[in-house]
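I opened my notebook for a first look at this structure. Here is what I looked up, entry by entry.

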Amino acid sequence: MSRLFWISVILVISPAQANEQDILEGLQRIGVEDQASTVLFWSDAQRRVGFKNMAKISPTRTISASDNVYPLTDAPMDLSGVTYEVDGEQHSLKSLLDDSALIGLAVVQDDEVLMEHYAEGNNRASLWISFSVSKSVTSMLIGAAVQDGYIESVDEPVTNYLPRLRGTSYEKATIRNVLNMASGVRWNEDYADPESDVAKAGGLNGLALVNYLADLPIEAKAGDKFNYNTGETNLVGEILRSAIGNNASTYLTKKIWQPFGMESDAVWNLDSEHGAELGGCCINASLRDYARLGIFAMQGGTLGDGTQVLPENWMQDSITSSKGANFYGYLWWLFGDRGYAAQGIFGQTIRIYPEDNLVIAVHSNAKAAVGTPYHDHYRAALEAIRDYVVANR
């Protein structure tokens, strides 16, 4: 039976027609080469199953847990009084917690877990796909490569590490440019359009990715214009692997996951069996370990013993706005004096408020990749949670 037949079948299946195992088996029938494009068009039920089972439906590489876990102390705080506003209407935090799109929410301040919530079928051990949250992690790994001496400077040309891009639109782009999503190369990131660049090439890696990007035209001077580009963040992953001579999962394990003290094994999706990680996507981790990633970033990439994993000023540089966008740094979203965040489609988030030593991590299954009412609600709720915690603790 053809691959296209199975893709069409699973895209119309409903929760009433299949239980979780049936859905999982349907997702497993999609060829690896089609996962990246079809995931944007999975049904709500497919996402709810697939997003916590990526290791069962796609090749992954393990990011191994630490033997010395970074401690997070349970210190429950009553947040029932939190209210937030969307479109002029007031809502309670409970209304967000009851939303089927919210899968997990953890509020951590001063290494204390003030609140931890999971939707039915999920718990503290559940791994959940991060999507573009991984971009910010890849950015930190570039910082680690600079600290280790594998990369001399982010102002080096991309072509120093990917010589196949010489003579293409990337000839004048630097590592800093692609970290800022400001290479000047044209790219369409429309998640609803099956003919967009992100739908056709958002999951490409290696030679296929480089060849695809090499054919794209220039639309602006490198460094001048921000243009959100998942393909280029996979390109950052290519730069990382070229520089370190290793895979990203092993480097993440050895530089951050184990030394900082992550509690659980995580997995990173690969482009093929025994292949390479997507620099712009798809680390799958527990909610608490996402929060720990936020703490690591907030502490400037330093371990508990003072070891500097990232260059001393790396995180400050990472959260400094670029020429092309005052809301974006080195693959981090910036919110001025309200901190910064790693954000992914369908509502994945690590929200960091450094002045308050506060991190909020979110697992989500929004109805669409971006632009849903849920996105407005959870973002407003996170701001309200921050204000409530600061005022009442």
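Entry one, the cysteines. I found that Cys 281 and Cys 282 are joined in a disulfide, with 1.9 Å between their sulfur atoms; the term is used for a pair of cysteine sulfur atoms within 2.5 Å. By this rule I count one disulfide. The S-S torsion of Cys 281 and Cys 282 is about 65°, so this disulfide is right-handed. Both Cys 281 and Cys 282 are buried (under 20% relative accessible area, with a 1.4 Å probe and protein chains only).

A note on the source: this is a predicted model, where local features need pLDDT of at least 70, side-chain atom pairs count only at pLDDT 80 or more, and totals for chains, interfaces and linings use all residues. Residues are numbered from 1 along each chain as its sequence is written, and side-chain values use heavy atoms, leaving out hydrogens and water.

Entry two, Asn 205. I located Asn 205 in the loop between helix H9 (197–201) and helix H10 (206–214); helices are DSSP runs of H or I, at least four residues, and strands are runs of E, at least two, numbered from the N terminus. Is Asn 205 buried or exposed? Its relative accessibility is 6%, so Asn 205 counts as buried. Its side chain reaches the backbone oxygen of Glu 277 at 2.6 Å.

I placed Thr 349 in strand S12 (residues 348–353), and it is buried at 2% relative accessible area. I also noted that the C-alpha atoms of Thr 349 and Asp 44 lie 19 Å apart, with 305 residues separating the two along the chain.

Note on methods:
Buried < 20%, exposed > 50% of the residue type's maximum accessible area, 1.4 Å probe, protein only. Polar contact = N/O pair within 3.5 Å; in protein donor to acceptor, adjacent residues only side chain to side chain.
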